[in-house]
Amino acid sequence: MSRLPVQVRSSAPAKGKLLVINELKERLYHYVGRLKEVTADLDNLTVEEPKNKSFGDLSTNVAMILAPVLKKNPMDIAGKIKEEEISKWDQLEDISIVKPGFINFNLKQDFIKTALAEIIKKGEKFGFNKSGGGGNIQLEYVSSNPTGDLHIGHGRWGALGDSLANLYAANGYKVFREYYVNDYGSQAEKFSDCARCVYLRHFGKEDIKYPEDGYPEEVVSLAVERLINRYDNRFIVIKDGKKDIKAESFKKEIIKIMVSYIGETLALMGVEYDRWFYESCLYKDSNFKKLISDLEKKDAVYNKDGALWFKASVYANDKDRVLVRKDGNPTYFASDILYMKDKVKRGYDKLFYILGADHHGYVERLRAIGKAFELEEDRIMVIIGQMVKLTDSGRTLKMSRRKGMLYHLRDLIEEVGKDAVRYFFSMNSFDTPMEFDVDLAKQKSNQNPVYYVQYAHARIESIIKNIRESNPANLDIDKYDLDKADTSKLKFKNIYEKQLAKTMILYPDTVYNGCRNNAPHLITQYLYRLASEFHYFYNNYRVINGEKDGAAVDLDRFVLILLVRRVLRNALRLLNVSAPKKM
């Protein structure tokens, strides 16, 4: 059992204003830290909303965590913590203890109302914090070889990477998005050979044979067609009386064409990058020779069977890796080392690698590289995403191009739309396989989760439109200024309005936790919950009372729905999903 980490675990920003749950949890950490001779693992300490709402707004298990350490009854520990610590928290009321030792409490209405003012004050930045302290992080994601179209899994990594980047930026980090282009080595050569065949056939060389182990000709032909439209026959040369191509310049351009096509596909789902980093640039300026020299000085390599090997097993739970083949050519592993060194040189505090399910071996491999160059272990973060299964009306779709079935990511985006693709890919934790129901994603019904959430925003816009058309005597909507609203004077007429308000003030906690746990799915869960609570409110309580020429607006509820609209927009923006005005 490790010593309790009593230090502040985060620079919880704007205490008591933005974070609620995490601020209270932080106070418990400090309280326990003041207890003498206490060692405890607090990873399982929670402050959370109980499943049974009758227990209160929030609940903590701190007494049960401390019971085996203090060797006391958790009910007695809970009573002491309530008296010495929790009863002093001015945000709370109705503090109670229930077996086997939970401490339950409610948030004061006055605290909730005051906290709502932060939504108005922060506007589009509500939910943001500065816990990252301006740290530089780099996220590299998707990075599919430029030898074919993107498959469905690439879409999931794209949505995950982009949403994570947004979350880290919202938590005060400087974020750099990067796509690594594998344009160096055998795969790039093979793709160029395939493209060369299609290109020369187009210009009359019919006797050239397409490589037997080549990439699908459909994809290669698409790239060649774009190349011809841009450059025509510019790459044709005559060698020994026969047509051929300018090999190096041709390979460079055909790879760029494929990269451009991949970029277009990702842009269709709102995924863009700060840099497309080409592997080939790693081998300029004698970088590879310098790397070998550095590794030799560290005694991190050895020769065996004519190849140069990296001692990965010395640094991590991994087997040794070939760095230079017998023919003198570097392996992909050599590129991995050069790429990490380049990232470190650029000064990033943390490096994120988001990889597919077939890249589990990269975890220890990258860890070994980091240790060889004496990088702190937590500086490298490898996220392995699980695969996606496509279904349609309960039927699993085989990844073929036969009529009625989907194959590539671009097909899926065109079929269901960007918003559904982004939202669905963000609904599950990245480390669990997911099922993408194409039929559900196309439905315009409350069964479709993204439609359900967006419909909440559209309903608020509809209420605003109806207010404008009814022209109530107590509100000139065109002159109304939410910035001047005093949330401390709001009146909650029922428990559902208070619940809606409470959910909104917990949004910054969701943004904080989503970043801390690398979990964009926490945002989708929050959105669905907020939408559900709003829909219930909408279906049971009126913002506009009376008809046209006699209508009156409930101003407290009007402020409440404007705040909901702002929070919905902010959360959807983190996922890069739109907030439509009508549906």
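Predicted model: local features only at pLDDT ≥ 70, side-chain atom pairs only at ≥ 80, totals over all residues.
View 1. Arg-529 sits in helix 19, which covers residues 521-540. Leaving aside residues up to four places away in sequence, Arg-529 touches Glu-49, Gln-499, Lys-502 and Thr-503.

**View 2. The largest pocket.** Here we stay with Arg-529, which is among the residues nearest the centre of the largest pocket, together with Ile-21, Glu-48, Glu-49 and Leu-506. The space in this pocket comes to about 1200 Å³, and 40 residues line it. Two or more lining residues come from each of helix 1 (21-34), strand 1 (47-48), strand 2 (58-60), helix 17 (495-505), helix 18 (507-516) and helix 19. Helix 17 makes the biggest contribution to the lining, with 5 residues.

View 3. Asn-61 belongs to the loop between strand 2 and helix 2 (62-70). How accessible is Asn-61? Its relative accessibility is 13%, so Asn-61 counts as buried. Its contacts, again not counting residues up to four places away in sequence, are with Asn-44, Leu-45, Thr-46 and Phe-102.

**View 4. The hairpin of strand 3 and strand 4.** Strand 3 (residues 92-98) pairs with strand 4 (residues 102-107) in the antiparallel sense, over 5 bridges. Ser-96 has Asn-104 of strand 4 as its bridge partner. The hairpin has 3 residues between the strands, and Gly-101 takes a positive phi near 155°. Pro-100 lies in the loop between these two strands, and a cis peptide bond with omega of about 5° joins Lys-99 to Pro-100. As a reminder for this view and the later ones, most peptide bonds are trans, and most residues other than glycine have a negative phi.

View 5. Strand 10 (residues 301-304) and strand 11 run antiparallel and are joined by 4 bridges, with Tyr-302 opposite Trp-309 of strand 11. This hairpin has 2 residues between the strands, and Asp-305 has a positive phi near 55°. Strand 11 also pairs with strand 12 (residues 321-324), antiparallel and over 3 bridges; Phe-310 has Arg-321 of strand 12 as its bridge partner. In a regular strand, side chains alternate between the two faces of the sheet. Along strand 11 (residues 307-310), Ala-307 and Trp-309 point one way, Leu-308 and Phe-310 point the other way, and all are buried.

**View 6. Two loop residues with positive phi.** Val-142 is not a glycine, yet has a positive phi of about 70°. Val-142 is in the loop between strand 5 (136-141) and helix 5 (152-170), and at 9% relative accessibility Val-142 counts as buried. Asp-240 also has a positive phi, near 55°, and is found in the loop between strand 7 (236-239) and strand 8 (242-245). Asp-240 is exposed, with a relative accessible area of 81%.

**View 7. The sheet of strands 15, 16 and 17.** This open sheet has 3 strands in the order 16-15-17, with mixed pairing. Strand 16 (395-396) and strand 17 (434-437) are the edge strands, each pairing on one side only. Strand 15 (residues 388-392) is antiparallel to strand 16, over 2 bridges, and Asp-392 has Arg-395 as its bridge partner in strand 16. Helix 14 (residues 418-425) lies across strand 15 and strand 17, at about 160° to strand 17.

**View 8. The largest cavity.** A search of the whole structure finds 1 cavity of 30 Å³ or more. About 70 Å³ of space lies in the largest cavity. Its lining is made up of Arg-156, Leu-160, Phe-425, Ser-426, Asn-428, Ser-429, Phe-430, Pro-520 and His-521.

**View 9. Confidence along the chain.** The mean pLDDT of the protein chain is 92, and 95% of its residues reach 70 or more. Over residues 1-16, the pLDDT is below 50, and this stretch has 40 contacts in the model beyond near neighbours in sequence.

Key. Residues numbered from 1 in each chain as written. Heavy atoms only, no water. Pairing = 2+ DSSP bridges. Contact = heavy atoms within 4.5 Å. Axes fitted to C-alpha atoms, helices over the stretch in contact; angles between N-to-C directions. pLDDT = per-residue confidence, 0-100. 1 Å grid on protein atoms, 1.4 Å probe; cavity = no way out; pocket = protein on both sides within 12 Å on 5 of 7 lines; lining within 4 Å. Points joined across faces, edges and corners; volume = space filled by probe spheres on them. Buried < 20%, exposed > 50% of the residue type's maximum accessible area, 1.4 Å probe, protein only.
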